[in-house]
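Subject: Handover of a structure and notes on its contents

Dear colleague,

Please find the structure below for your own work. My notes on it follow directly after.

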Amino acid sequence: MAAEQTRGAQQVVSPQFMKPGGSRTFSIEYVGKISGIPADAKTLRVWLPVPRDSTVQAIRDLNFHARPRLTTEIKYGNKIAYWEIENPGAAHEVTMRFVCERKEIVMDLSKLQTDGKSSAEFLAFLTPDKLVLVDDEIRRMAAEITTGRRTTLEKARAIYDHVLTRMTYDKNHAGWGLGSTRHACDVGKGNCTDFHALFNSLCRAEGIASGFEIGLYLPYEKNSAEPLGGYHCWAFFLVPGKSWVPVDCSEADRFPRRKEFFFGGHTPNRVTLSTGRDIILEPRQEGEPLNYFLTPYAEADGKPVKTEKTWSFRDL
């Protein structure tokens, strides 16, 4: 079976196309805070993203403040912790702890210069999302960007270079952070979600499967005293018949000297919490699909309520 078919909707990095790299092991404590619960609320439902194992991430010692129901959503296979709390009061907290061993990804691009046999899998990574557009404008743009390129790797590199030329990492404006292709095209700046929405759109317009992961992002240096990075997202594209290939467009913009690394490379100071956009949870929420799944989502008697997260880490 081809490497990219082995894990359903996951973006699997095939070890046979990776160069040796480092790794990082750390413990995480993640606290989800739910507030604004109506005083007369009868039932609070809470969904929390749970990290899962992959070829580049191993999770152990996973535990919670109270035993959840562990579920899996159908579109991407994201793992979810779910609670129903009766008579919850005005506020509530949920806590998750785990240890993550994360590999540095350094792809051997020389082995990916030709495509293997394509498959009909991964429709979710080929079609538009609500904010990740694939319209006539994006198709024209993608065709122009990839003119003269024949292989998936060549086309993806041209798209990567275009995103870095067009976008600037800048959060000092309204509308950043939604992961909107339209915002990226119109404004030309944003954060990681906006960079990678544009990358995903242009790849998909060229028939290249491309997706999105989001999670926690540690300081680059181990045991660093610098503030936590909050969250980060990154992208992949699929070389048919071979492997998913990582890119990190926004980090390449922030650190131009590492531009070459971040096409085919991911640093190990991260943990994936979920994959994809427009998430329908399991069990299904009453509200709209989630733009992305990073912070806990909660509903009191079927109505969304405010949630936020805090987290801390320790290198092991």
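This is a predicted model: local features need pLDDT of at least 70, side-chain atom pairs count only at pLDDT 80 or more; totals for chains, interfaces and linings use all residues.

Strand β2 (residues 43-50) is joined to strand β5 (residues 79-86) by eight bridges, and the two run antiparallel. Within this pairing, arginine 45 has glutamate 84 of β5 as its bridge partner. Four bridges, again in the antiparallel sense, link β2 to β15, where leucine 44 stands opposite alanine 300. Alanine 300 also stands opposite lysine 303 in β16, and the antiparallel pairing of β15 with β16 comprises two bridges.

Eight of the eight residues of β2 are buried, and the strand is thus mostly covered. Thr43, Arg45, Trp47 and Pro49 point one way from β2, while Leu44, Val46, Leu48 and Val50 point the other way; all of them are buried.

Aromatic pairs

A pair of aromatic rings is described by the distance of the centres and the angle of the planes. Across the whole structure, the search finds 16 aromatic pairs. In one of them, the ring centres of tryptophan 47 and tyrosine 297 are 5.5 Å apart and the planes stand at 45°; the pair is therefore tilted, since only angles under 30 degrees count as stacked and those over 60 as edge-to-face. Tryptophan 47 belongs to β2 and tyrosine 297 to strand β15 (residues 297-300), so the pair ties together parts that lie 250 residues apart in sequence. Both tryptophan 47 and tyrosine 297 are buried.

The pair of phenylalanine 122 and phenylalanine 125 is also tilted, because the planes are at 45°, with the ring centres 6.3 Å apart. Phenylalanine 122 is buried at a relative accessible area of 6%, and phenylalanine 125 counts as buried at 1% relative accessibility. Tyr76, Phe122, Phe125 and Trp244 form one aromatic cluster.

Charges over rings

The charged end of arginine 157 is placed over the ring of phenylalanine 263, at 5.2 Å from its centre. Arginine 254 lies over the face of tyrosine 169, with a distance of 5.5 Å to the ring centre.

Which residues of helix α1 (residues 136-145) are buried? Ile138, Met141, Ala142 and Ile145 are. These residues cover an arc of only 100° around the axis, which puts them on the same side of α1. On the other side of α1, Asp136, Arg140 and Glu144 are exposed. The buried residues of α1 pack against α2 (152-166), α3 (181-187) and α4.

Helix α4 (residues 192-205) has 14 residues, which at 1.5 Å a residue should span 20 Å; the end C-alpha atoms are 20 Å apart, in agreement with that value. Because 14 of its 14 residues are buried, α4 is largely enclosed by the rest of the structure. After α4 comes glycine 207, which has a positive phi near 75°.

Yours sincerely,

A colleague

Conventions: Residues are numbered from 1 along each chain as its sequence is written. Side-chain values use heavy atoms; hydrogens and water are left out. The expected span of a helix is 1.5 Å times one less than its number of residues. Buried means under 20% relative accessible area, exposed over 50%, partly exposed in between (1.4 Å probe, protein chains only). Rings of Phe, Tyr and Trp (its six-membered ring) pair if their centres lie within 6.5 Å; planes under 30 degrees apart count as stacked, over 60 as edge-to-face and the rest as tilted. A charge sits over a ring if NZ of Lys or CZ of Arg is within 6 Å of the ring centre and within 35 degrees of the ring normal. Two strands pair if DSSP finds at least two bridges between them. The arc is that of the directions from the helix axis to the C-beta atoms. Contact means heavy atoms within 4.5 Å.
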